[in-house]
Amino acid sequence: MNDIKELITTGFERDNVVNFLDQFDQIIFNSAIDVKSYIAQHVPPYLQLFLATFLTQTGLSSDNLFAQSKVLRAQVNSIPTITLTTPFVPDFEMARRIGTFARKTTGMPVLIDFNLDLTILGGAVVEGNGKVAEHSFRQYFEEKLKGGKHGI
Amino acid sequence: MMNWAILIVIINLIFFGAIAYYFLNVRITMREEQKDEAEKQKRLDEKIEKEEEKIAEELSNAKDKATAIIEESEKIAEELIVELENSLGQKEGSLHVNLVVGNDFEIKLGELSSKLKRLYSKRIHSLLSALENFQVDEAQKFTAFEEQQEEMTDRNLQQVRVEELEKMHKRIEQYKEEELALFDQKVKKLIEEAAQDVLGQALTSQEQELLIEKALAKAKEEGVI
């Protein structure tokens with residue numbers, strides 16, 4: 001894996017990587033650390049090998065590590081995002097599965113940001129490229145209710 | 001002497017004739033006035049009768065309108081339930097949700113149906129009772145007004161009565177509109193609440209995930225993502 005885009009699929013994971021890089025940038029100038037051990041302690045296993053390889057590939061000096069951190073941060077922040085408003089909070093595995101499905105559907109390495117709205121009931125509100133589409137039971141009910149003679 | 005007597009008789013005849021003519025004229029005038037008054041009274045009575053019929057008809061229309069709304073909303077609720085059962089209850093439905101036959105979801109759809117019917121029934125009963133009570137209340141007020149009128153001697157009484165009827169008509173009209181608008185809003189709200197209470201909890205996480213994927217696929221088709 002040479003690209004962070006292939007490893008993370010959700011906004012939650014993106015935020016975790018960015019938070020880790022914030023801490024990493026400070027620690028590399030303040031104290032001598034074992035980069036691999038530090039990464040092993042602060043990020044989930046599926047990201048550890050990639051981060052260790054990516055951050056140390058130009059050298060172990062503070063400047064080199066910082067430069068790589070900056071490149072990685074830019075890559076993470078450049079990944080396009082789709083916002084999904086759902087009627088429940090998906091667990092991590094489900095969120096990743098939905099993220100993978102979104103990538104397969106769009107053909108792009110997108111990230112999914114999740115919002116919660118209980119009134120949706122089922123389905124989701126999808127936001128991307130400045131556009132919004134709702135395909136939910138809430139919308140279904142609202143359309144049915146508007147169809148009545150008296151607005152019911 | 002004789003001539004004087006004849007003259008006095010003639011004068012008396014003329015005098016009494018004039019008096020008789022005067023009273024005759026007075027009587028004729030009074031009869032005409034009475035006739036005019038009776039005609040006026042008749043016209044007012046007809047107007048009042050017409051107003052009363054109009055009010056009765058409007059109350060009847062209010063109930064018809066309420067009944068039509070109720071029937072239509074019940075029909076929509078039934079359609080919603082049938083369509084939900086058809087689309088979600090089948091194994092290869094248009095939403096591609098696989099549900100095990102006889103699971104909790106189907107049972108909860110039944111609960112949704114019962115809950116909607118119960119809530120509808122309660123609200124409908126309340127609406128019709130309100131209209132009935134209002135009609136009775138207005139009838140009582142009108143009876144009291146009629147009793148009060150019998151004691152009055154004013155010539156403008158009938159006009160007052162017509163004005164009172166017109167005011168009553170306006171009050172009924174306003175009440176009907178407010179009550180029906182309130183009913184309309186509450187029906188919408190209770191359908192949404194019942195659906196949210198029952199349906200939102202009924203879907204499993206796997207079903208929710210499939211619905212989200214379906215939403216993503218549709219959004220892609222629409223060019224949103």
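Predicted model: local features only at pLDDT ≥ 70, side-chain atom pairs only at ≥ 80, totals over all residues.
Colleague: What kind of aromatic pair do B:Tyr22 and B:Phe23 form?
Modeller: Rings of Phe, Tyr and Trp (its six-membered ring) pair with centres within 6.5 Å; planes under 30 degrees apart are stacked, over 60 edge-to-face, the rest tilted. Nine such pairs turn up over all chains. For B:Tyr22 and B:Phe23, the centres are 5.4 Å apart and the planes make 70 degrees, so the pair counts as edge-to-face.

Colleague: Which residue has its charged end over the ring of A:Tyr46?
Modeller: A:Tyr46 belongs to a ring cluster with A:Phe12 and A:Phe92. A charge sits over a ring if NZ of Lys or CZ of Arg is within 6 Å of the centre and within 35 degrees of the ring normal. Here the charged end lies 4.8 Å from the ring centre, and the residue is A:Arg96.

Colleague: What is the bridge partner of A:Val125 in S4(A)?
Modeller: Strands are DSSP runs of E, at least two residues, numbered from the N terminus, and two of them pair given at least two bridges. S3 (residues 123-128) and S4 of chain A run antiparallel, joined by six bridges. S4 covers residues 131-136, and there the partner of A:Val125 is A:Glu134.

Notes
Residues numbered from 1 in each chain as written. Chains lettered and ligands numbered in written order. Heavy atoms only, no water. Helix = DSSP H or I, 4+ residues; strand = E, 2+ residues; numbered from the N terminus.
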